[in-house]
Amino acid sequence: MEFFNQVGKKAIGSRLRMLTEKITEDAAQIYQCYDIDMQPKWFPVFYVLSQGEAMTITAIAKEIGHSHPSVSKIIGEMAKKGLVDEKKDETDGRRNMVSLSPKGDEITVKIQNQYADLDQAVADIAAQSRNDLWKAMEEWEFLLGQKTLLRRVQEIKKERESKEVTIVNYVPEYQQAFRALNEQWISNWFKMEQADYNALDDPQGYILDKGGYILVALYQGEPVGVCALIKMNDPDYDYELAKMAVSPAVQGKSIGWLLGSAIAQKAKELGAQKIYLESNTILKPAINLYHKLGFVKVAGRITPYERCNIQMELVLS
């Protein structure tokens, strides 16, 4: 136990596995005490079938929360021991129905004393414990059903790494990154167009000098994401959100969200009422991000981009 005291909660899987192995070892010997020829891993399948109804493997798997291949393997092992019978379903010949054999039925009667004694032994342990393990397991199963441990770790990892992201204003030294990041994602999905070259070759003249802004995301000091506000001469919109790109090497760190939030805030500070963007529905993560930022789809407008098939707006006021 000293190891677990040192490692702490990060070893929860190993500790649970050790506890499971200890209980499973005892369970195998408990069956021997009652002269019952059964393996602990068969018990869920055996118990369900002992209720009397023949069932398909699919139904058994659903009932006990195991996979179909796992249950199929257990049925095969139990069949070799003569504990179960398999027959074609009389109403659907494509399905096999599984039930306990006469030998399995004998165990159903014989095992009742073991059930009673085991219930008492578990109750004795519970009475000596300050914590109710059974209720705790129910709580953990419910909570992990709502959100897996993997998902929780991924979210915490993203939150931690996002704190290492800094959003800064564009300066000329970031021009190469601005171009490279945009060219990378555009070329990956589509093809570079003249409007792209206009903005990427001369961001100072095409965007900044016309009243626009560019923000750069730095991760550990390196430029890994960019996003621009392009001033629009339009009766409906003040700025276009454009040229957002994040390096694939750092995706999953909320950089797109941080950039989008920062650029929307910048537009608000500039007095903008609404901002506009163009994208393509093939870019599902990007579209989801825009929706998360508050953008909604609008009717089609004239666009200089062949790749554009969706246009969106964000109302800031």
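Student: How do helix 10 and helix 11 pack, and how far apart are their axes?
Tutor: Helix 10 (residues 175–189) packs with helix 11 (residues 194–201) at an angle of about 160°, and their axes are 9 Å apart. This is a predicted model, where local features need pLDDT of at least 70 and side-chain atom pairs 80 or more, while totals for chains, interfaces and linings use all residues. Numbering starts from 1 along each chain, and side-chain values use heavy atoms, without hydrogens and water.
Student: Parallel or antiparallel, then?
Tutor: Helix 10 and helix 11 are therefore roughly antiparallel (the label for angles over 145 degrees).
Student: Which residues of helix 10 and helix 11 meet?
Tutor: From helix 10, Gln175, Phe178, Arg179, Asn182, Glu183 and Ile186 meet Asp196, Tyr197, Ala199, Leu200 and Asp201 of helix 11. Contact means heavy atoms within 4.5 Å. The residues of this contact split into five nonpolar, two polar and four charged.
Student: New topic: how many residues has the largest nonpolar core?
Tutor: The largest nonpolar core has 29 residues, and Leu241, Ile255, Leu259, Ile275, Tyr290 and Phe295 have the most contacts inside it. Such a core joins buried nonpolar residues through side-chain atoms within 4.5 Å, with buried meaning under 20% relative accessible area (1.4 Å probe, protein chains only).
Student: Which element gives the most to this core?
Tutor: Helix 13 does, with five residues.
Student: And what does Phe295 touch?
Tutor: Leaving out residues up to four places away in sequence, Phe295 touches Leu241, Ile275, Leu277, Tyr290, Met312, Glu313 and Leu314.

Key. Axes fitted to C-alpha atoms, helices over the stretch in contact; angles between N-to-C directions. Helix = DSSP H or I, 4+ residues; strand = E, 2+ residues; numbered from the N terminus. Parallel < 35°, antiparallel > 145°, perpendicular 65-115°, else oblique. Nonpolar A, V, L, I, M, F, W, Y, C, P; charged D, E, K, R; others polar. Buried < 20%, exposed > 50% of the residue type's maximum accessible area, 1.4 Å probe, protein only.
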